[in-house]
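Please consult the sequence and the model shown below while reading.

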Amino acid sequence: MKVSRRRGRLRLRLEPVETVLLSRLIDELDTMLAEPLGDDEVLQRLYPAAYRDDTEAEVEFRSLTETSLRAERAERIAACRADLAQSDEIDLTDEDAGRRWIQVLNDLRLALGTRLGISEEDDHDLDPSDPQTPPRVVYYWLTEVQDSVVSGLMR
């Protein structure tokens with residue numbers, strides 16, 4: 001993956017395998033986000049409680065916000081999916097497109113990091129025989145992609 005900035009536009013150039021991987025991850029995120037909130041730790045992380053100590057206030061807050069938050073995420077996912085379907089070179093023509101990609105990449109990282117139990121104290125040494133190594137590599141790659149998009153937008 002390569003990120004460049006030219007004439008006010010940010011361009012992501014992905015290898016075909018990266019496009020396939022991102023497409024699959026986005027599809028998985030979209031499917032997961034369609035599920036009811038329940039006790040799923042990933043959904044709890046993506047939709048944290050606003051009132052942890054007040055169940056009644058939390059229920060009211062969710063009733064007022066959850067539908068719109070889910071719709072916003074679904075729109076961002078659909079737009080990123082459309083970008084990926086067009087080409088391995090994605091032009092982010094405005095700040096909104098860059099922000100959208102940063103948000104979707106962040107959601108992907110939160111979901112995968114939560115499933116893997118990754119924390120700030122996580123050991124970056126990877127054991128090739130550990131079955132969690134491949135998804136951890138994907139997590140670290142998503143982190144790099146997100147960082148590159150943020151850096152590109154700041155130039």
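The model is predicted, and the protein chain has an average pLDDT of 90. It contains five helices and three strands, and the strands form an open antiparallel sheet.

**Confidence of the model**

- A pLDDT of at least 70 is reached by 99% of the residues.
- Among the elements of the protein chain, helix H1 (residues 16–33) has the highest mean pLDDT, at 96.
- The lowest mean among these elements, 84, belongs to strand E1 (residues 2–6).

**Overall architecture**

- Read from the N terminus, the order of elements in the protein chain is β-β-α-α-α-β-α-α.
- The C-alpha trace of the protein chain spans about 50 × 40 × 25 Å along its principal axes.
- Of the 155 residues in the protein chain, 38% are buried.
- The protein chain exposes about 9,600 Å², and carbon and sulfur atoms supply 49% of that area.
- When contacts between residues at least 6 apart in sequence are considered, 64% of them join residues at least 24 apart.

**The sheet**

- The three strands are arranged in the order E1-E2-E3, with antiparallel pairing.
- E1 and strand E3 (89–92) are the edge strands, each of them pairing on one side only.
- On average, and with direction ignored, neighbouring strands of this sheet are turned by 20° against each other.
- Five bridges link E1 and E2 in the antiparallel sense, and in this pairing Arg6 stands opposite Arg9 in E2.
- E1 and E2 form a hairpin with two residues between them; Arg7, in the turn, has a positive phi of about 50°.
- Strand E2 (residues 9–13) is joined to E3 by four bridges, and these two strands run antiparallel.
- Leu10 is placed opposite Leu92 in E3.
- In a regular strand, side chains alternate between the two faces of the sheet.

**Helix H4 and the residue after it**

- Helix H4 covers residues 95–116, a run of 22 residues.
- At 1.5 Å a residue, H4 should span 32 Å; its end C-alpha atoms are 31 Å apart, so the two values agree.
- Gly117 follows H4 and has a positive phi, near 70°.

**Asp30 in helix H1**

- Asp30 lies in helix H1.
- Because its relative accessible area is 26%, Asp30 counts as partly exposed, a class that lies between the cut-offs of under 20% for buried and over 50% for exposed.
- With neighbours within four places in sequence left aside, Asp30 is in contact with Ile77 and Arg81.
- Asp30 and Arg70 are 40 residues apart in sequence, and their C-alpha atoms are 9.9 Å apart in space.
- An α-helix has 3.6 residues a turn, so residues three or four places apart point the same way.

**Glu144 in helix H5**

- Glu144 belongs to helix H5 (residues 133–154).
- The relative accessibility of Glu144 is 47%, and Glu144 is therefore classed as partly exposed.
- From Glu144 to Met1 the C-alpha to C-alpha distance is 9.3 Å, although the two residues are 143 residues apart in sequence.

Definitions and conventions. Residues are numbered from 1 along each chain as its sequence is written. This is a predicted model: local features need pLDDT of at least 70, side-chain atom pairs count only at pLDDT 80 or more; totals for chains, interfaces and linings use all residues. Side-chain values use heavy atoms; hydrogens and water are left out. pLDDT is the predictor's confidence in each residue, from 0 to 100. The expected span of a helix is 1.5 Å times one less than its number of residues. Two strands pair if DSSP finds at least two bridges between them. Axes are lines fitted to C-alpha atoms, for helices over the stretch in contact, and angles run from 0 to 180 degrees between N-to-C directions. Buried means under 20% relative accessible area, exposed over 50%, partly exposed in between (1.4 Å probe, protein chains only). Contact means heavy atoms within 4.5 Å. Accessible areas come from the Shrake-Rupley method with a 1.4 Å probe; for residues, only the protein chains shown count as cover.
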